[in-house]
Amino acid sequence: MSVPTEDKASKRIESDTHSDYHQAKNQANESMTRGVWTERFDPRFVPFSEREMKCDLPKSAFATISHGKHFMSYRGLSLAKNPFDLTLYSTLFFEVQPRTVIELGAYTGASALWMADTLRTYGLDSRVIAVDIDLALIDGLAKQEPSIEFRQGDCNEIESLFPAEELAELPHPLVLIDDAHVNVEGVYRHFHQHAMRTGDYLIIEDTVPWIPGTFGQSEDDQEWGDWKFREISRFFADEPTAYAVDRYYTDFYGYNATWNWNGFLRRQ
Ligand SMILES: C[S@@+](CC[C@H](N)C(=O)[O-])C[C@H]1O[C@@H](n2cnc3c(N)ncnc32)[C@H](O)[C@@H]1O
């Protein structure tokens with residue numbers, strides 16, 4: 001008795017003989033440099049001014065994932081990262097191989113700890129400097145990690161928090177992550193003037209307008225809005241060619257399918 005076509009198809013998929021894994025693996029090996037598929041985006045680097053405030057993910061996805069994000073953890077510590085950006089960071093770190101990572105907005109220290117662990121796993125001798133206005137938030141486990149320096153300070157006083165002389169001496173590549181959302185223009189101008197060199201990255205978190213306006217579980221249904229995008233637009237209007245949006249990360253899962261819409265920028 002012959003097997004109906006539908007059954008044949010499902011049987012084939014069940015046994016997974018429909019994929020040529022050898023071909024897929026060879027293709028990946030041939031196409032990747034430092035874990036990045038080199039031909040994926042052409043052009044890969046585009047001016048900030050050419051980018052749009054739109055996203056291939058539906059707005060409803062941001063609501064449910066933002067909810068899930070409150071329950072994220074790393075090594076038992078509360079971590080304010082979504083699954084998209086966690087994977088994007090891990091790929092970017094392997095490609096860029098930063099010697100210095102500066103995170104503005106450390107919260108519990110979980111993301112700094114994850115970054116330090118990840119960089120060490122990649123065999124890199126990198127230093128993470130994680131800043132917060134309130135270091136009482138930092139968990140003891142993160143404080144034990146010798147490659148992280150937790151620094152208490154206010155991003156409104158960025159010049160004293162990161163003196164120009166210190167920035168001039170930092171090992172590169174440098175990845176600067178703005179997750180404090182304070183004095184945005186002033187912070188970028190200071191780092192632009194004193195720290196950022198070709199090949200460094202500026203990662204601007206939470207440019208997505210659709211997330212809740214407050215961090216954590218809340219009854220408040222106010223939206224975050226596009227205020228951060230408007231602030232960074234002023235900076236990039238003055239520096240139109242110094243940075244380019246890296247579509248490899250920004251558009252990896254679809255146009256702006258990240259919390260950081262147009263927020264992965266390479267210093268040119
Ligand atoms: C969204 S949380 C950071 C989340 C963290 N990067 C993560 O991925 O888990 C923002 C942090 O910025 C800190 N912050 C707020 N105002 C600040 C300021 N003026 N200077 C420095 N840090 C500030 C807050 O205390 C808070 O811990």
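Modeller: Helices (H or I, at least four residues) and strands (E, at least two) are DSSP runs, numbered from the N terminus. This is a predicted model, in which local features need pLDDT of at least 70, side-chain atom pairs count only at pLDDT 80 or more, and totals for chains, interfaces and linings use all residues. Residues are numbered from 1 along each chain as its sequence is written.

Biologist: In which loop is Pro43 found?

Modeller: Most peptide bonds are trans. The bond from Asp42 to Pro43, however, is cis, with omega near 0°. As for its place, Pro43 is in the loop between β2 (36-37) and β3 (45-47).

Biologist: What is the phi of Gln97?

Modeller: Most residues other than glycine have a negative phi. Gln97, which lies in the loop between α4 (83-96) and β6 (100-104), is not a glycine, yet its phi is positive, near 50°.

Biologist: Is Tyr107 buried or exposed?

Modeller: Tyr107 sits in the loop between β6 and α5 (110-121), and has a positive phi of about 55° although it is not a glycine. A residue is buried if 20 or more other C-beta atoms, placed from the backbone, lie within 10 Å of its own, exposed if 12 or fewer, and partly exposed in between. Gln97, with 15 such atoms, is therefore partly exposed. Because Tyr107 has 23 other C-beta atoms within 10 Å, Tyr107 is buried.
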